[in-house]
Amino acid sequence: MIPRYARPEMTDIWEPATKFRIWYEIEAHACDAMADLGVIPRENAEAVWKANDVEFDVARIDEIEAVTKHDVIAFLTHLAEHVGSEEARFVHQGMTSSDVLDTCFNVQLVRAADLLLADLDKLLAALKKRAMEHKMTVRVGRSHGIHAEPTTMGLTFARFYAEMDRNRARLQAARAEVATGAISGAVGTFANIDPRVEEHVCAKLGLTPEPISTQVIPRDRHAMFFATLGVIASSIENIAVEIRHMQRTEVLEGAEFFSLGQKGSSAMPHKKNPVLTENLTGLARLVRMTVIPAMENVTLWHERDISHSSVERGIGPDATVTLDFALNRLAGVVDKMLIFPDNMLENMNKFPGLVMSQRVLLALTQAGVSREDAYSMVQRNALKVWEDRLDFRELLLADDDVVAALGEDGINEKFDMDYHTKHVDTIFARVFGET
């Protein structure tokens, strides 16, 4: 990813130097295990650790690869330059390149997942804070973009919290699913390497042994991992689009923080644009576009081919770096977001009382009016509010049929706003486990 949308904590995971360090640890731990089993001399295994403090020369490895046309062989050649050819002669014994590449890739994905889980925790904290602040801040709910019934801003934040909390559980599961390693040799049969070597290497790297590998770790694991990142990206966009809607001039119920010196438009000095959340919509698209290639990687020829390799070199860093940046950006947006309660009430009252139409409808049916007649009685008054911006309650009080069924006090009682917030505490207890 370009630096504009990248944070160093995540990009460091995908740097060539990090990759080669992981490769080295895989090979060195494998040598230790083979020495423990008496397969190779102990002194050769110990010699490999002479390179433990070495900073591998990426340019040198690239130079060797230009000749060998094989990245793992290039690395092993460079490792021998530090350890010594004789001392390193048992390195990679019985292993295949995929043992190193796949195990390393999964280590990187696990590390990336840990950063993303921390990102989600930061976002969840911001969403919870704003939900608590605006638990009873009334705003109109909308369906199809049209005023529906009252809700609260706290419930808006709470539903986003619940969605991201589900995403955290999904990512935790995806992390566990991809946290496997394979040191099983050609076509995965362990013919040339003892399964106990795999167990040792995986234990050292925080992985579990892949139950059955076919020279490669099965890519359904990775498909699930990237699909989970795609779902999280969609949830980011879900929140971002709601904030963008709130910031529209004719709505203005909430807005991104506009910092001192910030400019909204090169042409129009008055502009305050939702640039951060618009950016998040775009970043979500980038993350989601890695999902289909990851799923297509599941299908490989026989025990393996390398059609997945070039794909993963791109989507591994692209998806995790982009999502890491997006989650942190969204956490900041939510934390600093401006909320305008007065505008919420003003918007709800643009069509005075109209949001109470269902409550009146239900009251009429409970009073003995058929649903069809009740709907007609309410709608004929509601349409006058739409067309002429009249007060819905006043129209009902002037409608003889409605008054006959409910009485004036019964009509007035149906416009109590507290009716719509009476179960907010119950919902919050379900979401946050608090009363």
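A charge is taken to sit over a ring if NZ of Lys or CZ of Arg is within 6 Å of the ring centre and within 35 degrees of the ring normal. Tyr 419 meets that rule with two partners: the charged end of Lys 422 is placed over its ring, 3.6 Å from the centre, and Arg 359 lies over its face at 3.7 Å from the ring centre. The model here is a predicted one, so local features need pLDDT of at least 70 and side-chain atom pairs count only at pLDDT 80 or more, while totals for chains, interfaces and linings use all residues. Residues are numbered from 1 along each chain as its sequence is written, and side-chain values use heavy atoms, with hydrogens and water left out.

Next come the aromatic contacts. A pair of aromatic rings is described by the distance of the centres and the angle of the planes. Rings of Phe, Tyr and Trp (its six-membered ring) pair up if their centres lie within 6.5 Å; planes under 30 degrees apart make the pair stacked, over 60 edge-to-face, and the rest tilted. By this rule there are 13 aromatic pairs. In one of them, Phe 20 and Phe 75 have ring centres 5.8 Å apart and planes at 5°, so the pair counts as stacked. Helices (H or I, at least four residues) and strands (E, at least two) are DSSP runs, numbered from the N terminus. Phe 20 has 4% relative accessibility and so is buried; Phe 75, at 1%, is buried too. The cut-offs behind those labels are under 20% relative accessible area for buried, over 50% for exposed, and partly exposed in between (1.4 Å probe, protein chains only). Both Phe residues belong to one aromatic cluster, made up of Phe 20, Trp 23, Tyr 24, Trp 49, Phe 56 and Phe 75.

On to the charged pairs. Side chains of opposite charge can pair when their charged atoms come close. With a salt bridge taken as a side-chain nitrogen of Lys or Arg within 4 Å of a carboxyl oxygen of Asp or Glu, the whole structure holds 26 of them. One of these joins Glu 253 to Arg 139, with the closest N and O atoms 3.1 Å apart. The two ends come from distant parts of the chain: Glu 253 is in the loop between α9 and β5 (254–255), Arg 139 is in strand β1 (residues 138–143), and they are 114 residues apart. Glu 253 is buried, with 0% relative accessibility, and Arg 139 is buried at 3%. Another salt bridge runs from Glu 250 to Arg 248, the closest N and O atoms being 2.6 Å apart.

Helix α9 (residues 220–247) has 28 residues, which at 1.5 Å a residue should span 40 Å; the end C-alpha atoms are 41 Å apart, so the two values agree. That expected span is 1.5 Å times one less than the number of residues. Of the 28 residues in α9, 21 are buried, leaving the helix mostly covered. Helix α12 (residues 307–336) contains Thr 322, a residue that is buried at 1% relative accessibility. Thr 322 and Arg 4 are 318 residues apart in sequence, yet their C-alpha atoms are 10.0 Å apart in space.

At the surface, Ile 146, Leu 383 and Trp 386 form a nonpolar patch with about 270 Å² of accessible area together. Patches take residues with over 30% relative accessible area and no salt bridge, joining like charges within 9 Å and nonpolar side chains (Val, Leu, Ile, Met, Phe, Trp, Tyr) within 5 Å. The areas come from the Shrake-Rupley method with a 1.4 Å probe, and for residues only the protein chains shown count as cover. Trp 386 is in helix α15 (residues 371–388) and is partly exposed at 42% relative accessibility.

His 144, in the loop between β1 and β2 (146–152), has a phi near 60°, a positive value in a residue other than glycine. His 144 is exposed, at 83% relative accessibility. Phe 190 is not a glycine either, and has a positive phi of about 60°; it lies in the loop between β3 (180–181) and α8 (195–205) and is partly exposed at 22%.
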